[in-house]
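I opened a new notebook page for this one and wrote things down as I looked them up. Come along and follow each entry with the structure beside you.

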Amino acid sequence: MKKPDTANSIKKFILHLHPLKIDTRAIAFNRTFGLGGIAALLFTLLFITGMMLRFVYIPSAGQAHDSILNLKENIIFGNLLRNLHYWSAMMLVVVAFLHLVRVFYSQSLFQERRKNWLYGLLLMFLVVSANFTGYLLPWDQLSYWAVTIMTNLLSYIPLLGDNLAGLIRDGDSVGEATLLRFYHFHTGLLPLVMVFFMTIHFWLVRKAGGVALPKAEKPQKVDTHPHLTYKEAYVTLIIILALLLFSIFVDAPLLDKAKPTVSPNPSKAPWYFMGFQELLMHVHPVFGSFIIPLAVTTFFIAIPFFKFPELKPGVWFHSPNGKKITIVSAIFSAIFTFIFVIINDTVFDFSNRLADWPSFLSTGLLPTLLYLLPASGFVVFIGKRYKANRIELIIGIVSIILSAYITMTLTGSLLRGEGMQLIF
């Protein structure tokens, strides 16, 4: 009987995921930085470690925290397993975000790739949702009050807010029912949904011809194996080794058991939502939790459907001019956003100075306009200064939005000290 050729079988399986030959430009590391593949690897690590954690974790308000302590103190390699799961989850949020940013700035979202851009946005939402539902499971002070903040934020959405918050919490406040609901979402539904959409996402990349590349008269192609597969193997080993080393020396945070009647000061949302929490300190909750996020989300969904006179798929920043606009816009946004936050905190508190105005106007519409008008003026300025075309202006606007959120996240995470009170 002929023995199966394991190596050949693995090679055939890999080539089902990739074409037989690939453009040499596509496998250059600085083309994609391997972000899509790294995200898939992190998801796989999370799936494996999550399945192992299920054998120890008890989804009960009375026992969840104790089961984590038991894992840390009594299970061999238990603490390492939890650390690896936690830091992989944090890294996945960052990598997924960077992947979206890379796709946008390399103009890989237009024409036949428009649908995949939408799936990418959906997957980003699912990644954050999976991270958020897992955030509550340790049932400590950090996770309990972070989830309390974010679910209360939902209640400010007009008409549907209270019902939506109640549906997610399974009640009026975060409790045992919330923990059980989050556990099933985190370990059951969300992973299945993510696998489904990741499969579609990868298939659409393959259908579009792989990585978006600038046009070339005679593209040079090489065999996918070993030129690409070996690089993927190297990156996989490096990422796993780095995560293991980090998880050995840095523990995932765990505070005291959750106390629903004792709020820590400061109470903070998860770090990837700190930008929203910071925003809510400067604008009306309806604006911060609904109007502004809805407007930004709609804008990102609509980008690939705008009409552009000239597209250059695969060309970073569209042009050298676009690169300058990106840098200038990001710097302007970071400085302007930080100054706006400081002025709002120390010089002009809208809620106190305009106490006779309806709060929707004094803390909602007014500060929003005071931010948007200078930002819009800056977009007009760079349009004239750099003679920017439509795609370059869109690049500038996206750079302003991303830089503003990152600045607010850093401000909320690093500069808000013990004096910050729970905002709800």
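Entry 1: Before I look at any residue, I note the cut-off: a residue counts as buried when its relative accessible area is under 20%. I also remind myself that this is a predicted model. My first stop is Ser 289, which has a relative accessible area of 10% and is therefore buried. I found Ser 289 in helix α13, which covers residues 285-302. Which backbone oxygen lies 2.5 Å from a polar atom of the Ser 289 side chain? I traced it to Pro 285. Setting aside neighbours within four places in sequence, I listed the contacts of Ser 289 as Leu 153, Tyr 156, Ile 157 and Leu 280.

**Entry 2: the whole chain.** Next I stepped back for an overview. The chain has 17 helices and two strands. Of its 424 residues, 45% are buried. I also looked at how far along the sequence the contacts reach. Among contacts with a separation of 6 or more, 84% are between residues 24 or more positions apart.

Entry 3: I checked confidence before going on. The average pLDDT of the chain is 87, and 89% of the residues score at least 70. Where is confidence lowest in the chain, and where is it highest? The lowest is helix α15 (residues 350-353), with a mean of 52, and the highest is α5, at 96. I put a pencil mark beside residues 418-424, where the pLDDT is below 50. In the model that stretch still has 22 contacts beyond near neighbours in sequence. My reminder to myself is that where pLDDT is low, the predicted coordinates should not be read in detail.

**Entry 4: aromatic rings.** I went looking for ring pairs and the count came to 29 aromatic pairs. One of them is Phe 110 with Phe 308, an edge-to-face pair at 5.3 Å centre to centre, with 75 degrees between the planes. Phe 110 sits in the loop between α5 (78-105) and α6 (114-135), and Phe 308 in the loop between α13 and α14 (320-346), so this pair ties together parts 198 residues apart in sequence. Both Phe 110 and Phe 308 are buried.

I then turned to Tyr 272 and Phe 273. Their ring centres are 5.0 Å apart and their planes are at 65 degrees, so this pair is edge-to-face. Tyr 272 has 7% relative accessibility and therefore counts as buried. Phe 273 is buried too, at a relative accessible area of 13%. I noted that Tyr 272 and Phe 273 belong to one aromatic cluster, along with Phe 132, Phe 182, Trp 271, Phe 276 and Tyr 405.

The charged end of Arg 385 sits over it, 5.2 Å from the ring centre.

**Entry 5: backbone notes.** I looked at the backbone angles next. Gln 107 is not a glycine, yet it has a positive phi of about 55 degrees. I found Gln 107 in the loop between α5 and α6. Is Gln 107 buried or exposed? It has a relative accessible area of 1%, so I wrote it down as buried. I also noted a cis peptide bond between His 225 and Pro 226, with omega at about 15 degrees. Pro 226 is part of helix α10, residues 224-227.

Entry 6: With a relative accessible area of 5%, Trp 139 is buried. Beyond neighbours within four places, its contacts include Ala 61, His 65, Tyr 144, Leu 179 and Lys 257.

The largest nonpolar core holds 76 residues, and Trp 139 is among those that touch the most other members, along with Leu 42, Phe 104, Tyr 105, Ile 303 and Val 398. Which helix gives the most to this core? I found that α5 does, with 14 residues. A second, separate core has seven residues, including Ile 325, Val 379, Tyr 386 and Ala 388.

**Entry 7: one last residue.** I finished at Ile 68, in helix α4 (residues 64-74). Ile 68 is buried, at a relative accessible area of 8%. Leaving out neighbours within four places, Ile 68 is in contact with Tyr 57, Arg 82, Pro 138 and Leu 254. Its C-alpha atom is 9.9 Å from that of Asp 140, which is 72 residues away along the chain.

Technical notes
Residues numbered from 1 in each chain as written. Predicted model: local features only at pLDDT ≥ 70, side-chain atom pairs only at ≥ 80, totals over all residues. Heavy atoms only, no water. Helix = DSSP H or I, 4+ residues; strand = E, 2+ residues; numbered from the N terminus. Buried < 20%, exposed > 50% of the residue type's maximum accessible area, 1.4 Å probe, protein only. Polar contact = N/O pair within 3.5 Å; in protein donor to acceptor, adjacent residues only side chain to side chain. Contact = heavy atoms within 4.5 Å. Phe/Tyr/Trp six-rings, centres within 6.5 Å; stacked < 30°, edge-to-face > 60°. Lys NZ or Arg CZ within 6 Å of the ring centre and 35° of its normal. pLDDT = per-residue confidence, 0-100. Core = buried A, V, L, I, M, F, W, Y, C linked by side-chain atoms within 4.5 Å.
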